[in-house]
Amino acid sequence: MTSNILLQRIRQHQNLRDLRNKLLHLHRMLLDTERITYEQVRGRVTNAQLLQLVIDHEQFAWLHRLSELIVQIDEMLQGDEPISTEDVESLIAYTCTLLTPSETGDVFARKYYNALQSEPGAVMAHAEVSEVLASIK
């Protein structure tokens, strides 16, 4: 392995780690927003109850796609095989598509749009993810 290939792989892993961390922060912001919405209607929940809600309550189900994306990145980073450029490009394209808010899109796009309209923290987290995505492309 040449030093250029090694440097490219190190840079690729760092980019994916940066993206993963920004997506995790975005997920946290969205989860907090959804928790507040839930608690306004049904009362406070403990962290253990929140975990159960995240797993099996329909109000939190839209966040699963973001959770799965983060897990996919973790698996890529921990895999034994080198990460291909095509895999990274595919992941970036999927992330850009997923994080496109829309009033008329699928459930994720609509809920994401609403979260960005109501929560400044989510907007900031979205901007941070967008910045990382732009630097990787």
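By exposed I mean over 50% relative accessible area, by buried under 20%, and by partly exposed anything in between, with a 1.4 Å probe and protein chains only.

Before I go on, this is a predicted model: local features need pLDDT of at least 70, side-chain atom pairs count only at pLDDT 80 or more, and totals for chains, interfaces and linings use all residues. Residues are numbered from 1 along each chain as its sequence is written, and side-chain values use heavy atoms, with hydrogens and water left out.

So what sits on the buried side of α6? That would be Ala122, Ala125, His126, Val129, Val132, Leu133 and Ile136. Looking down the axis of α6, these buried residues fall within an arc of 125 degrees, so they line one face of the helix. The arc is taken from the directions from the helix axis to the C-beta atoms.

As for length, α6 covers residues 120–136, and its 17 residues should span 24 Å at 1.5 Å a residue; the end C-alpha atoms are 25 Å apart, which agrees. The expected span is 1.5 Å times one less than the number of residues.

Now α3, residues 64–78. Its 15 residues reach 21 Å from first C-alpha to last, close to the 21 Å expected. Buried in α3 are Leu66, Leu69, Ile70, Ile73, Asp74, Met76 and Leu77. Those cover an arc of only 165 degrees around the axis, which puts them on the same side of α3. Over on the other side, Glu68, Glu75 and Gln78 are exposed. And which helices do the buried residues of α3 pack against? α1, α4 and α5.

Zooming out, the chain has six helices and zero strands. Helices are DSSP runs of H or I with at least four residues, strands are E runs of at least two, and numbering goes from the N terminus. The C-alpha trace spans about 60 × 30 × 20 Å along its principal axes. Of the 137 residues, 35% are buried. Among contacts with a separation of 6 or more, 66% are between residues 24 or more positions apart.

A quick stop at histidine 13, which is in helix α1. Leaving aside residues up to four places away in sequence, histidine 13 touches Leu77 and Ile83.

The largest share of the lining, five residues, comes from α1. That's the tour, thanks.

How values were computed:
Contact = heavy atoms within 4.5 Å.
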